[in-house]
Amino acid sequence: MSNKFKQNLFAAAAVTLWGSAIPVTKMIGASVSPFGMSAVKCLVAAVLLGAAALVRKARRPSGWRELLLLLAASLSGFSLYMVTSTIGMMTTPASTASIIASLSPIMTAVGAVAFYRQRISAVGWISIAAAFAGVLIIVLWNGELVIRPGILWLLLSAALFSAYSLLVPLLGGKFTADEIVTYAMIAAAIVLSPFLPQAAGELWAAPVSARWL
């Protein structure tokens, strides 16, 4: 299996999982607040990833530079991203949210050109232009420039996750991909931990289906 095929396979899986989170988040959001939901998601992921890291004996960060980069990755890719995206999803139709969320990899591609001097083919630039045009059509659908708060929250979340994607290469020389995600998720769980009591109360009162979701 070639590296190119693996890249495309994992990218397709990531997009599929990412896209499925949007309708699921809207269903949970009827019972759980954005901050509570984000805190629970980060906690569950941090526990599972942390346990796996202990089994694998993951390398530990050393030095302020690594710690600060991991914290920045945590804030942009998980804690702040989850909160802003959840708020946006709760106030925006799922179809619209999915299209706006797709801007994140586009922002990452443009950022990679600016910061890492990577090249994008002509087809890539055409795809980027089409994606931005699609968002403009959504914003201007009623014939006037009305940017609703939910769209602004989603745009902010897309920019935050793009920043996370651009930070990851700076850590790639020291950590593996799963180590980066693990440490960033644990930091996000700590940042959002003050909202766990609120989330516990909301989940206790929520339907069983919301808890499973």
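**Reading helices, burial and ring pairs**

In this predicted model, Ser 38 touches Met 82, Val 83, Thr 86 and Leu 192, leaving aside residues up to four places away in sequence.

User: Where is Ser 38 found, and is Ser 38 buried or exposed?

Analyst: Buried means under 20% relative accessible area. Ser 38 is found in helix H2 (residues 34-56). Its relative accessible area is 0%, so Ser 38 is buried.

User: How do I read the span of a helix, taking H7 as the case?

Analyst: The expected span is 1.5 Å times one less than the number of residues. Helix H7 (residues 149-171) has 23 residues, and 33 Å is expected. From first C-alpha to last, H7 reaches 34 Å, which is close to that value.

User: Which residues of H7 are buried?

Analyst: The buried residues of H7 include Gly 150, Ile 151, Leu 154, Tyr 164 and Leu 171. Ser 157 and Ser 162 are also among them.

User: How many aromatic pairs are there?

Analyst: Rings pair if their centres lie within 6.5 Å. The count by this rule is five aromatic pairs. One of these is formed by Tyr 81 and Phe 161, with 4.9 Å centre to centre and 50° between the planes, a tilted pair. Tyr 81 lies in helix H3 (residues 64-90) and Phe 161 in helix H7, so this pair ties together parts that are 80 residues apart in sequence.

User: Is Tyr 81 buried or exposed, and which residues do ring pairs link into a cluster?

Analyst: Tyr 81 has 10% relative accessibility, so it counts as buried. The cluster linked by ring pairs consists of Phe 78, Tyr 81, Phe 161 and Tyr 164.

Definitions and conventions: Residues numbered from 1 in each chain as written. Predicted model: local features only at pLDDT ≥ 70, side-chain atom pairs only at ≥ 80, totals over all residues. Heavy atoms only, no water. Helix = DSSP H or I, 4+ residues; strand = E, 2+ residues; numbered from the N terminus. Buried < 20%, exposed > 50% of the residue type's maximum accessible area, 1.4 Å probe, protein only. Phe/Tyr/Trp six-rings, centres within 6.5 Å; stacked < 30°, edge-to-face > 60°. Contact = heavy atoms within 4.5 Å.
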